[in-house]
Amino acid sequence: MPGPEVEEVKSRLNIVELVGRYVALKPSGQRFKGRCPFHPDDTPSFLVSPDKGLWHCFGCHAGGDAIGFLMKIERLSFPEALTRLAHELGIEMRTVGGEGKAKLLQVNQEAAQYFARELRKLSGKKARDYLLGRGVGEELWERYKLGYAPEGWDGLIRALGRVGLDTLGNLGLAIAGEKGHYDRFRDRVMFTLCDDQGRPVAFAGRSFAGDPKYVNIPNTSLFTKGTLLYGLDLARDAIRQRGRAVLVEGY
């Protein structure tokens, strides 16, 4: 990890502003005090020292710098937390997170946009009618990145062919058959699975009739089954505010 770039992020970051997004802070001398977000804290025991760029809880004894705080509260890796903060500050981090992962995330984003466009085309009427019939109004389509995979064998491959069949295959979007590659998803309502930062990492498609009802992306370098809750990126702030969550099966 390039030390100079890390130090630039730390030097330009306002730790009070960052922590204040998650904790109600009040001035206490030269420091700021609040209730710790990492354990039940009846008496404010969480302190932020802006001059040192550090935070510490005297209740659960957790502590660290701004990057460490974001890692802990958002459950991010060090490169992920650093990349997010660098982006906010307008600092280019050429080596953080890996160029390969960034490329795969971009391809998934383009795939989600492709499915969204297809949903709104004339050929997507069947999918639109299905969603409306299930009470999923148009205002939710963009928020949840819903879409439609059209009939045919290679619509997505033709739309994103410039990224290469190997990349589409590695992401689980294309399958290699005896006569060439074809789209994994065909004539299905599409659900985009996002990580906790709202980035598309996988997809699932529901059929209108017949089996299998659901087709899911296999494990990839961006996605491992059983490690992600659908919609958590949209619900986490409300969960934190209300202190509860309702977990249901399916999408």
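Predicted model: local features only at pLDDT ≥ 70, side-chain atom pairs only at ≥ 80, totals over all residues.
Me: Why is Asn108 called buried?

Reply: Buried means under 20% relative accessible area. Asn108 has 0% relative accessibility, so it counts as buried. You'll find Asn108 in helix H5, residues 99-119.

Me: Which residues does Asn108 touch?

Reply: Leave out residues up to four places away in sequence, and Asn108 touches Leu171, Leu173, Pro200, Val201, Ala202, Phe203 and Leu222. Contact here means heavy atoms within 4.5 Å.

Me: And Asn170, why is that one called exposed?

Reply: The cut-off for exposed is over 50%. Asn170 comes in at 54% relative accessibility, so exposed is the label that applies. Asn170 lies in helix H9, residues 165-170. Asn170 and Thr220 are 50 residues apart in sequence, with 6.6 Å from C-alpha to C-alpha.

Me: What makes Lys145 "partly exposed"?

Reply: Partly exposed is the range between the other two labels, with buried under 20% and exposed over 50%. Lys145 has 24% relative accessibility, so partly exposed is what it counts as. Lys145 sits in the loop between helix H7 (138-143) and S6.

Me: Which residues is Lys145 in contact with?

Reply: Setting aside neighbours within four places in sequence, Lys145 is in contact with Met190, Thr192, Cys194, Gly198 and Pro200. For Pro200, which is 55 residues from Lys145 along the chain, the C-alpha atoms of the two are separated by 8.8 Å.

Me: Why say that S10 is largely enclosed?

Reply: It comes down to the count: 7 of the 7 residues of S10 are buried, so this strand is largely enclosed by the rest of the structure.

Me: How do you know that S9 and S10 pair?

Reply: Two strands pair if there are at least two bridges between them. S9 and S10 have 6 bridges, in the antiparallel sense, so by that rule they pair. In one of these facing positions, Leu193 stands opposite Ala202 in S10. S9 and S10 also form a hairpin with 5 residues between them. Gly198 in that turn has a positive phi of about 80°.

Me: What joins strand S10 to S11?

Reply: 3 bridges join S10 (residues 200-206) to S11, and the two run antiparallel. The cut-off is at least two, so this counts as a pair too. Ala204 stands opposite Asn216 in S11, and Arg206 has Tyr214 as its bridge partner there.

Me: What order do the strands of that sheet have, and why are S6 and S11 said to stand at the edges?

Reply: This is an open sheet of 4 strands in the order S6-S9-S10-S11, with antiparallel pairing. Strand S6 (147-149) and strand S11 (214-216) each have a single partner strand, so one side of each is left without a neighbour in the sheet. Neighbouring strands are turned by 35° against each other on average, direction ignored. Helix H6 (residues 125-133) lies across S6, strand S9 (188-194) and S10, running at about 70° to S9.

Me: Now the sheet with 5 strands: what order are they in, and why call S1 and S5 edge strands?

Reply: These 5 strands form an open sheet in the order S1-S2-S3-S4-S5, paired antiparallel. Strand S1 (26-28) and strand S5 (63-65) each have a single partner strand, so one side of each lacks a neighbour in the sheet. The twist averages 25° from one strand to the next.

Me: How do you know that S4 and S5 pair?

Reply: Strand S4 (residues 54-57) is joined to S5 by 3 bridges, against a requirement of at least two. The two run antiparallel, and Leu54 stands opposite Asp65 in S5.

Me: What makes you say that helix H3 packs on this sheet?

Reply: Its contacts: helix H3 (residues 66-74) touches strand S3 (46-49), S4 and S5. The direction of H3 makes about 120° with that of S5.

Technical notes:
Residues numbered from 1 in each chain as written. Heavy atoms only, no water. Axes fitted to C-alpha atoms, helices over the stretch in contact; angles between N-to-C directions. Buried < 20%, exposed > 50% of the residue type's maximum accessible area, 1.4 Å probe, protein only.
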